[in-house]
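This report describes selected features of one protein chain. Please view the sequence and the structure together before reading on.

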Amino acid sequence: MILSCQNLSKTFVDHTVIRQASFQMEDNDKVAIVGINGAGKSTLLKMIVGQLSPDTGTVAFSKDKTYGYLAQQDGQDSPNTIYEELLSVKQELIDLEEDLRQLEFDMKHASDAELEDLMKLYTSKTHAFESKDGYKYRSELIGVLKGLGFSEEEFSKPISTLSGGQKTRVSLAKLLLLSPDLIILDEPTNHLDISSISWLENYLRTYKGAVIIVSHDRYFLDRIVNKVLSVDNGETRMYLGNYSAFAEKSAEIRNAQMKAYLKQQDEIRHQQQVIDKLKSFNREKSIKRAESREKMLDKMEVLEKPTELRDDMRFTLTPRITSGNDVLSVTALSKSYGNNHLFSDVTLEIKRGEHVAIIGDNGTGKTTLLKILNELEPADDGEFKLGTKVEIGYYDQEHHVLHSEKTLFDEISDDYPTLTNTEIRNTLAAFLFTGDDVFKRIGDLSGGERGRVSLAKLMLSNANFLILDEPTNHLDITSKEILEQAINNYEGTVLYVSHDRYFVNQTASRILDLANRKFYSFQGNYDYYLEKKETVEGVSSTTLSGKSVYAPLAAGTTVSSASSAGTGSDDFTGKLDWQQQKELQAQKRKLENRLKKCEDRIAVLEQRISEIDEEMAKPEVATNVARLQELTKEQTTLNEELELKYEEWEQLQS
């Protein structure tokens, strides 16, 4: 065991954030702490590392065990360069190395009498240097820096000139090089691109020590952790397995708790009705029986209602106008900033209904492309053209579409003046802004809150082509799942930039990978992209029929189509799987349409049968034998059809 927490509690004013949390970690555990924003995850970490004192409970580390902690914004100023700052972590090895060089010099000039003692000391220090991996610490340092996204040209940059995110990455690199027995990380992926996140997850997965991670990156957690600590409404619960196993198990537990709660509530209501009925008889025996039941009811241990999974935040993105089939056509697009060439000769097409994700390293030009398409930046060369009836809805990760001086209410009402006050409040309530929240200034909101306002405006727009720049930034896992559902149900076209691989995997029908100043297309989700990218990297620069397997995107060209000649049935299978999904979706829509038609027909039949009953009851019809026979025959036919429709409805429902 490396860490034991017993009965930890923390209350701020009258709000209990953590209540009686107890858990322990073994030496090689990889633990994720999950929960919605504000649940108390960071508070729990600060109690573990001693930055906050718990109101009750204890935190105990095993003897001689070390830990390192990285907070969300943990960049520190320093007069050093990036490389010098990381070298300071290895000062002990640097000192040993200097001692060895000095001993080597001394041995060359030592007398025979001195040499033996010097050689013993040299052997001892060499052993210490080797045992601490002294011969590879510089290569390890360079590997960590490159893995976290720093180029060799940046190694000599002074720390003081770096952005907040870059400083946090330097602090993360220092922590990894320290190699403590327990690494504690609070949102470590916030300032990393996909390549760096992938490198970090591989590093942590094979790390010989223990790890605690607070993160909303589900893909990251799935590949690293073997335990999940859930923080929900002050309560903590430990689950075995990765994030997906936790999500499945916690859903089962929540459902079971909800069923038990609802069953008990039904029983309470039933008993209360019986009690009220007995009392209404107003007789001595019945009143005694009622009182007896009341005592039983008072002794019942009432179950608490399980917390809801933000069911109140649900929204639908619905295009008001259907665009033409050709949504976007880009031809020979290029963009540079001075000597920084982002991309060149980009040619691509996007069709109606596609959900296209753009991925790639930081600084490669993903956001710049979106800005060009929104005419916020000019292209150097090339052009793009929108299709017929295409209307863009833009989600900017910096939320420039919002006005910091306005209130939430004014932000909506000024852009949509036809909405009533009630409609505006209902829209904001769908994104968890209720009561006086609607009068908050945009400038006073957190990043996640500004993101929710931007999504609210997007929902109200007439857009049929959504262009989203990092839409999941600052969102907790539950909010991401809500957004995923909205995107998946959206019948328009979506083009977005994201480093959230789980989100991409759930929502993308096509991947555009921006690398080497070119876009590479993969017809499928992130798992399919990863599989094909590894295949491509495996064959390296091999060409097939004169064409590179990992070819830059041309109009209408994808990896699955461009490489099918060389990779055989593998690509065909991947493409077929995706096609099967599309066909299943089409079949589902057909069934839903048939079900709707069936229900409509049942309603018509029942209405007509009811009308015939009323008509047959009329005196003038009751004495008209011919008319009665006619109506009876019609009703029999309708009843026979209705019976068949009921059977059809049951089959469609199943």
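## A residue in a loop

In which loop is the place of Thr81? In this predicted model, Thr81 lies in the loop between strand 5 and helix 2. The relative accessible area of Thr81 is 17%; since buried means under 20%, Thr81 is counted as buried.

Thr81 and Phe155 are 74 residues apart in sequence, yet their C-alpha atoms are 6.8 Å apart in space. Leaving aside residues up to four places away in sequence, Thr81 touches Phe155, Ser156, Lys157, Pro158 and Ile159.

## The chain as a whole

The secondary structure of the protein chain amounts to 22 helices and 20 strands. The chain has 654 residues, and buried residues make up 43% of them. Of the contacts between residues at least 6 apart in sequence, 69% join residues at least 24 apart.

## Helix 6

Helix 6 runs over residues 164–178. At 1.5 Å a residue, its 15 residues should span 21 Å, and this agrees with the 21 Å that separates its end C-alpha atoms. Just after helix 6, Ser179 takes a positive phi of about 50 degrees.

Helix 6 is mostly covered, with 12 of its 15 residues buried. Among them are Gly165, Lys167, Arg169, Val170, Leu172 and Leu175. What covers the buried residues of helix 6 includes strand 5 (67–70), helix 2 (82–87), helix 5 (137–147), strand 6 (182–186) and helix 7 (194–205). Strand 5 and helix 2 are also the elements on either side of the loop that holds Thr81.

## Helix 13 and its two sides

The buried residues of helix 13 (residues 421–429) are Ile424, Thr427 and Leu428. Because they cover an arc of only 95 degrees around the axis, these residues lie on the same side of helix 13.

Against which helices do the buried residues of helix 13 pack? They pack against helix 12 (408–415) and helix 14 (447–460).

Helix 14 has 14 residues, and from its first C-alpha to its last it reaches 20 Å, close to the 20 Å expected at 1.5 Å a residue. Of these 14 residues, 13 are buried, so helix 14 is largely enclosed by the rest of the structure.

Gly443 is found in the loop between helix 13 and helix 14. With a relative accessible area of 39%, Gly443 is partly exposed. Gly443 and Thr407 are 36 residues apart along the chain, and 8.6 Å separates their C-alpha atoms.

Rolling a probe the size of a water molecule over the atoms shows where empty space is left. A search of the whole structure finds four cavities of 30 Å³ or more, and the largest cavity has a volume of about 40 Å³.

Which residues line the largest cavity? The lining is formed by Leu317, Thr318, Leu458, Met459, Ser461, Ala463, Leu466 and Tyr490. By type, the lining divides into six nonpolar residues, two polar and no charged.

Definitions and conventions:
Residues numbered from 1 in each chain as written. Predicted model: local features only at pLDDT ≥ 70, side-chain atom pairs only at ≥ 80, totals over all residues. Heavy atoms only, no water. Buried < 20%, exposed > 50% of the residue type's maximum accessible area, 1.4 Å probe, protein only. Helix = DSSP H or I, 4+ residues; strand = E, 2+ residues; numbered from the N terminus. Arc of directions from axis to C-beta. Contact = heavy atoms within 4.5 Å. Expected span 1.5 Å × (residues − 1). 1 Å grid on protein atoms, 1.4 Å probe; cavity = no way out; pocket = protein on both sides within 12 Å on 5 of 7 lines; lining within 4 Å. Points joined across faces, edges and corners; volume = space filled by probe spheres on them. Nonpolar A, V, L, I, M, F, W, Y, C, P; charged D, E, K, R; others polar.
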